[in-house]
Amino acid sequence: MFAALGLALLAKAMSPMFKTARTFIAAIALVPILAGCGGGGSSAPPVTVTPTPSPTPTPTADKWAAVKAEVDGFSVSNVALIVGNASGVRLRYERGAFKLTDTHLVASASKMMAGLTILKMIEDGQMSLGDNPQKYLPYWTTSAADPRSRITLAQLLAFTSGFNASDTPSGCISNAATTLQACAQDYYTQGITSTPGANFFYSNGHLEIAGAMAEVAGSKSFSQLYRDKVAVPLGLGPVSGINFPSAANPRIAGGGSSTGDEYAKMLDGVLTGRLLNAASVATFQTDQTATAAFSFRPSATTQLGDWHYTTASWRECDFSPYDSRCATGKGIISSPGAFGWTPWIDFDNGYYGLIAMEEGAANAANISVQLEQRLQPMIVAALAAGG
């Protein structure tokens, strides 16, 4: 009723009888005041607006579900997996108490760390694959009658140098009180048991000698060379290194340590070309044992195929014997260690992977490689699906 009265006054104000502005303004001001007063049943009920409900989000399928399930079903409870490609880390998965930020000994995964260090030195012009040890080590024979004078750095990195002596617990590589130079000379004194280039034998002596050569070429300890050539350029922290049992005697083939995250950065550096140039990466991918007889290989590298060797790392082959299917393409290069730490780079599918674990069981490397082989097609599928 009062609202109607206000409107009537407004209408009146508009008529010629309301000749003053004061009367007009008063009439207008009265309208909202009166309209807001309650009164009578004649006022219209308020309109209630019901908001439109937001659509229920559709759950996004986890493209890594199969990969995670495979890791969850693995026989080792404390394990982690990290996968990345040129776009960055695509999966970072931890199971049990294992953390990718913890530092662990990586055993023979050190070989890849050492090989990349020397490849970088070659790239920088400090060494050459054709170099003989006597170029750097003064005690080394130069006699053409001694086959040790014909050994090359390439053969040392490919484990075909002939230095096939098996290591003992009391050997120099486990002695923190000695040096890499002294240890390399011990292997030299023991001598070779096969013609350089003829036989592949998986043992530590090859890399000890190659590391000793690198120390002379670079005028630094091998531990520092790894830091300068690999770790620092890639922004790796101080925990990533080759320094066990000591920095002076770092056990080139098995004395490395790292976190999962740090090691993955190294794999990323190789895959994306941030660490090595194209020529060095091609050397890293190339089978260096195509004409060699295999005298000794760890069972992990023959249980599911016939793996060959590149530059201090394996070139995987899922077929036995190794044939043209494995010789073509850029390949999968890996370096599994005795504790189960298994890194690999799949150059053909453009990604890297790392199974990180540190188990004392004798078969740790074997079961880790088995997991790696099961995961590889799953990872390729997940990446193809946008994972």
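Guide: Gladly, starting with a definition: Ala, Val, Leu, Ile, Met, Phe, Trp, Tyr, Cys and Pro count as nonpolar, Asp, Glu, Lys and Arg as charged, and the others, Gly among them, as polar. By that rule, the lining of the second largest pocket divides into 6 nonpolar, 4 polar and 6 charged residues. Please keep in mind that this is a predicted model, where local features need pLDDT of at least 70 and side-chain atom pairs count only at pLDDT 80 or more, while totals for chains, interfaces and linings use all residues. Residues are numbered from 1 along each chain as its sequence is written, and side-chain values use heavy atoms, leaving out hydrogens and water.

Visitor: How do you know how confident the predictor is in the protein chain?

Guide: The score is pLDDT, the predictor's confidence in each residue, from 0 to 100. The protein chain averages 89, and 85% of the residues score at least 70. Residues 1-41 have a pLDDT below 50, and beyond near neighbours in sequence this stretch has 20 contacts in the model; a contact means heavy atoms within 4.5 Å. Over the protein chain, 64% of the contacts with a separation of 6 or more are between residues 24 or more positions apart.

Visitor: How many helices and strands does the protein chain have, and what makes something a helix or a strand?

Guide: Both are DSSP runs numbered from the N terminus: helices are H or I with at least four residues, and strands are E with at least two. The protein chain has 12 helices and 12 strands.

Visitor: What makes Arg-251 count as it does?

Guide: Its relative accessibility is 24%, so Arg-251 counts as partly exposed. Arg-251 also has a positive phi, about 50°, although it is not a glycine. You will find it in the loop between strand 5 and strand 6. That loop, between residues 241-242 and 256-259, also holds Pro-245, which a cis peptide bond with omega of about 10° joins to Phe-244.

Visitor: Where is Pro-321 found?

Guide: Pro-321 is in the loop between strand 9 (314-315) and helix 11 (324-327). A cis peptide bond joins it to Ser-320, with omega about 5°.

Visitor: What makes a pocket, and how much space lies in the largest pocket?

Guide: On a 1 Å grid over the protein atoms alone, a pocket is an open set of points with protein on both sides within 12 Å along at least five of seven lines, and its lining residues have an atom within 4 Å of a point. The volume is the space filled by probe spheres set on the points, which are joined across faces, edges and corners. For the largest pocket this gives about 550 Å³. Its lining has 27 residues, with Ala-107, Ser-108, Tyr-202, Gly-337 and Ala-338 nearest its centre. Strand 3 and helix 12 (364-384) each supply at least two of the lining residues. The lining divides into 15 nonpolar, 9 polar and 3 charged residues.

Visitor: Which residues are closest to the centre of the second largest pocket?

Guide: That pocket holds about 270 Å³ of space. Of the 16 residues lining it, Glu-316, Asp-318, Gly-331, Ile-332 and Asp-348 are closest to its centre. Helix 11 and helix 12 each give two or more residues to this lining.

Visitor: Why do strand 3 and strand 5 stand at the edges?

Guide: Two strands pair if DSSP finds at least two bridges between them. An open sheet of 3 strands has the order 3-6-5, with antiparallel pairing. Strand 3 and strand 5 each have a single partner strand, so one side of each is left without a neighbour in the sheet. Strand 3 and strand 6 are joined by 4 bridges, with Thr-103 opposite Thr-259.

Visitor: What makes strand 11 mostly covered?

Guide: In strand 11 (residues 342-346), 5 of its 5 residues are buried. Thr-342, Trp-344 and Asp-346 point one way, while Pro-343 and Ile-345 point the other. Strand 11 pairs antiparallel with strand 10 (residues 332-334) over 3 bridges, and with strand 12 (residues 351-356) over 5 bridges. Trp-344 stands opposite Ser-334, and Pro-343 opposite Leu-354. The hairpin of strand 11 and strand 12 has 4 residues between the strands, and there Gly-350 takes a positive phi near 70°.

Key
Buried means under 20% relative accessible area, exposed over 50%, partly exposed in between (1.4 Å probe, protein chains only). On a 1 Å grid over the protein atoms alone, a cavity is a set of points where a 1.4 Å probe fits but cannot get out, and a pocket is an open set with protein on both sides within 12 Å along at least five of seven lines; lining residues have an atom within 4 Å of a point.
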